[in-house]
Amino acid sequence: MSEVSHSAEPVLIVGPVTRDMFSAHESTTGGVPSYAGRTVAALGVRANILTIGCLDMDRSALVGHTVKIVEDPNTLTFRIEERSSDQRSLRLVNRPTRALCASDLPEEWPTPKNIIFGPLIPDDIDIESFYRRFPESKVWIIAQGLQRTVEGDQSIGMNTSPTDTLKQLCRPGVTIFLSRIETESWSQSDMDELVASCDLVAVTNGDQGAYLRLRDASYTVDAIPAKAIDTTGAGDSFAAAFAITRGSSLVTAVKTAVGYGAMAVEKSGPAPMPRWPEVRSILRDSEVKSQVIEQDNLRKHAVIIAIANQKGGVGKTTTAVSIAAILGGMGLRILLVDSDPQANATSSLIGREASESSDALYRVLIEGESIATLLAATQSPGLSLLGSSTALAGAEIELVSTMARETRLKSALLSVQSNFDVIIIDCPPALGLLTINALVASNFVLIPLQCEYFALEGLSSLQETIKLVTENLNSGLQILGIALTMVDSRANLAAEVEREVRSRFAATFESVIPRSVRLAEAPSHMQTISDYAPGSAGAIAYNSLALEVIERLDLKP
């Protein structure tokens, strides 16, 4: 987890530290920087924190981070009264004289990779100023303050639908966190409108779990048993843990977030949080689960995975075909898209003669034909094929002058996404328009990497391409993992390369694919490795890799 956490750095947390008064003699420190700061510290991240208030404010919850306090005569202060076991009334006692903005940041602070905003009243942070200064940063908004109203008697109320400010801040690259109390009066169309504009909306429910909405899926997440002492800050801890670990799979991030949310309710105020190993053991014991909710107006779409590496001969096609066949055999509905003009995936599944006339993907990309009419059946259960031929080589040139050339495949797949559970795209050994189309259409990239001296050659170019795609064309694209292929266990070099890859890339799969004669023979018999030699080392290794893919994607065969 430490590798995932450090990959999120530099992290910037922006928001007021508060003084929360429960009586004339009892108060505690609060605010998003206090709770989020404790959580990211527990995950091994040192953040830069920008806050505002009196210089003598209690900053004990910010220890371990680099802190800039914008001096102001006033610290944001609330009077809190218990109304019931799960509800409180807030009254504004004092507030800073101005909002935090990007110009308050010290010049020496680095450009943040991730920014966590914690507004507590509608105008205490000028979030747009940070958008303008850091257009490439991922943004995580704990948005309770954007939904609040300050009444004439200074009591804090709540808007019954998304505010214009919240809607305007929603855009690609932004994740919104809210609580059940802030969204319980929303209509379905309110939530749909918000989700359509940003990456994800997470609704937390104190110690009762969470609900996540993406554009094409919805999840409920179980809580873990916790003795609720004080639910204040549980949503902040959830959001911070999710933001820091989102570089892993969605399932890992949300389980980590649920764990830290539960830890928060067992403490009063922003107390120190347990380190990751302790939370991990609690999560394992509690068997936290997440599930997809089927809704009449929410169609579940396939997960799309691009198998990509611009270096040739690393096992892309073997990996694509093998995983597709294994997942299909487990009962999932799989579509394999052969995006390589060499058409090896096509010939291995339907034969060389049939592949020579299978120009299906070319006709989709260049002529705009429907995918549904061009799918080919295969001998593997649950597996359909959108084939290719050498004609696809011309598509690279023809796409150059085509309108919306990078999104042709994405647009075409929309019509069949609800018919499959997983779509796997076998990419060519190049970083041209065919690969770009695959990356723009995909949710994840799986990178096969051969264990040899030049294993890492070109990987930086692929990473740069993925970065450009996420910044400009597909903000939701993630690296699912790196699969080590063609490993010769007898060679010392293979072991050295494996150690190097694992030390540099936390997302490397545990499964290792060996060099195997059976893997090389299977395509010539027009069979997958699972059918041709199910007991071979290659088949066993790919079965193990497929199980890891299922786990990372939280698929349910």
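**Exercise 1. Which residue of S24 does Leu484 stand opposite?**

Before we start: this is a predicted model, where local features need pLDDT of at least 70 and side-chain atom pairs count only at pLDDT 80 or more, while totals for chains, interfaces and linings use all residues. Residues are numbered from 1 along each chain as its sequence is written, and side-chain values use heavy atoms, with hydrogens and water left out.

Step 1: find the strands, which like helices are DSSP runs numbered from the N terminus (helices are H or I with at least four residues, strands E with at least two). You want S23 (residues 478-487) and S24 (residues 508-514), paired in the parallel sense over three bridges. Pairing takes at least two DSSP bridges between the strands.

Step 2: read off the partner. Leu484 sits opposite Val512.

Step 3: Together with helix H19 (residues 492-504), S23 and S24 make a right-handed β-α-β unit. Right-handed means that, with the strands pointing away from the viewer, the path from the first strand over the helix to the second runs clockwise.

**Exercise 2. Work out how S20 pairs with S18 and S19.**

Step 1: take S18 (residues 334-338) with S20 (residues 383-386). They're parallel, with four bridges, and Ile334 has Leu383 as its bridge partner.

Step 2: now S19 (residues 376-377). Two bridges join S19 to S20, and this time the strands run antiparallel; Ala377 is opposite Ser384.

Step 3: check the turn. The S19-S20 hairpin has five residues between its strands, and Gly382 there takes a positive phi near 75°.

**Exercise 3. Describe the ring pair of Phe117 and Phe130.**

Step 1: the structure holds six aromatic pairs. Rings of Phe, Tyr and Trp (its six-membered ring) pair if their centres lie within 6.5 Å; planes under 30 degrees apart are stacked, over 60 edge-to-face, the rest tilted.

Step 2: Phe117 and Phe130 come out edge-to-face, at 5.3 Å centre to centre and 70° between the planes.

Step 3: Phe117 belongs to strand S8 (residues 114-117) and Phe130 to helix H3 (residues 127-133), 13 residues apart. Both are buried, meaning under 20% relative accessible area with a 1.4 Å probe, protein chains only.

**Exercise 4. Find what Ile366 touches.**

Step 1: locate Ile366 in helix H14 (residues 360-367).

Step 2: skip neighbours within four places in sequence. Ile366 is then in contact with Ala395, Glu398, Leu399 and Arg408, contact being heavy atoms within 4.5 Å.

Step 3: The C-alpha atoms of Ile366 and Glu398 are 7.3 Å apart, with the residues 32 apart along the chain.

Notes. Buried means under 20% relative accessible area, exposed over 50%, partly exposed in between (1.4 Å probe, protein chains only).
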